[in-house]
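Open the model in your viewer and keep the sequence panel beside it. The tour goes from one selection to the next and says what is found at each stop.

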Amino acid sequence: MGPWMKTRQGSGDGSSGQEAFANPVAVASALCADRGVRLTRLRRLILELLWERGRPTGAYELIEALKERDSRSVGPPTVYRTLDFLITQGLVSKIESRNAYVLCAHPERSHGCVFFICGDCGASSELEDRRVEQLIAEDAADLGFRVHQRVVEVQGTCMSCVSSDDAGDRF
Ligand SMILES: [Zn+2]
């Protein structure tokens, strides 16, 4: 792999071949144990649902999915609290422009990520690029600006949607 990690997540069965990586729920569980925080049942369920979907998912879709999975309703405040915990632990990222959540590709370290979000299929790719982080840090320093949060999200069309468009043109 190049200077960045390709991090498209598997869909559904979590075994979509070429980009398979360790089960992120198991990774999260190990990280939480190391940090002495609890990966409760609800926290784990939300990670599993995000993994299965493999694309940015809104809180209300998660609430619906939880209801189906568990036949128990979980209120929005609880889900938001759980998502906040997962974000704080670096396990989940929020896609601000979609108001949606996605598993973080490399939860073991903090980093400034760039998200590429496909407007056709809704997939997102997370890319760790130190150059972007560095540029923002330099610009902030020039402005005397203290950064609390960096959001870098790029909207467009992913490679597989571009190629299925091309295939469609032949017919
Ligand atoms: Zn796409």
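F115 is buried, because 22 other C-beta atoms lie within 10 Å. Here a residue counts as buried if 20 or more other C-beta atoms lie within 10 Å of its own, exposed if 12 or fewer, and partly exposed in between, with C-beta atoms placed from the backbone. This is a predicted model, in which local features need pLDDT of at least 70 and side-chain atom pairs count only at pLDDT 80 or more, while totals for chains, interfaces and linings use all residues. Residues are numbered from 1 along each chain as its sequence is written.

F115 belongs to strand 4. Helices (H or I, at least four residues) and strands (E, at least two) are DSSP runs, numbered from the N terminus. Two residues are in contact if their C-beta atoms, placed from the backbone, lie within 7 Å. For I95, draw a C-alpha to C-alpha distance: F115 and I95 are 7.8 Å apart in space and 20 residues apart in sequence.

**The sheet around strand 4**

Next, select strand 4 (residues 113–118) together with strand 5; 5 bridges join the two, which run antiparallel. One place to look is I117, whose bridge partner in strand 5 is S124. Two strands pair if DSSP finds at least two bridges between them. Then widen the selection to the open sheet of 3 strands, in the order 5-4-6 with mixed pairing. Strand 5 (124–128) and strand 6 (152–156) are at the edges and have a single partner strand each, so one side of each is left without a neighbour in the sheet. From one strand to the next, the twist averages 20°. Angles run from 0 to 180 degrees between N-to-C directions, and axes are lines fitted to C-alpha atoms, for helices over the stretch in contact.

Move to the open sheet with the order 1-3-2, where 3 strands pair in antiparallel fashion. Its edge strands are strand 1 (57–58) and strand 2 (92–95), each of which pairs on one side only. Strand 2 and strand 3 (residues 100–103) run antiparallel and are joined by 4 bridges. V92 stands opposite L103 in strand 3.

Color strand 2 by side.

Now select N99, in the loop between strand 2 and strand 3. The hairpin of these strands has 4 residues between them. Phi of N99 is near 55°, a positive value in a residue other than glycine. N99 is exposed, because 11 other C-beta atoms lie within 10 Å.

**Two helix pairs**

Select helix 1 (residues 24–35) and helix 2 (residues 41–53), which pack at an angle of about 150° with their axes 9 Å apart. Helix 1 and helix 2 are therefore roughly antiparallel to each other. Angles under 35 degrees count as roughly parallel, over 145 as roughly antiparallel, 65 to 115 as roughly perpendicular and the rest as oblique. To see the contact, show P24, V25 and A28 of helix 1 with R44, L47, E48 and W51 of helix 2. These contact residues comprise 5 nonpolar, no polar and 2 charged. Ala, Val, Leu, Ile, Met, Phe, Trp, Tyr, Cys and Pro count as nonpolar, Asp, Glu, Lys and Arg as charged, and the others, Gly among them, as polar.

Then select helix 3 (residues 59–70) and helix 4 (residues 76–88), whose axes are 10 Å apart at an angle of about 110°. Helix 3 and helix 4 are therefore roughly perpendicular to each other. A59, L62 and I63 of helix 3 meet P76, V79, Y80 and L83 of helix 4. By class, this contact has 7 nonpolar residues, no polar and no charged ones.

**The whole chain**

Finally, zoom out to the protein chain, which has 6 helices and 6 strands. Its elements run α-α-β-α-α-β-β-β-β-α-β-α from the N terminus on. Of its 171 residues, 21% are buried. Among contacts between residues at least 6 apart in sequence, 57% join residues at least 24 apart.
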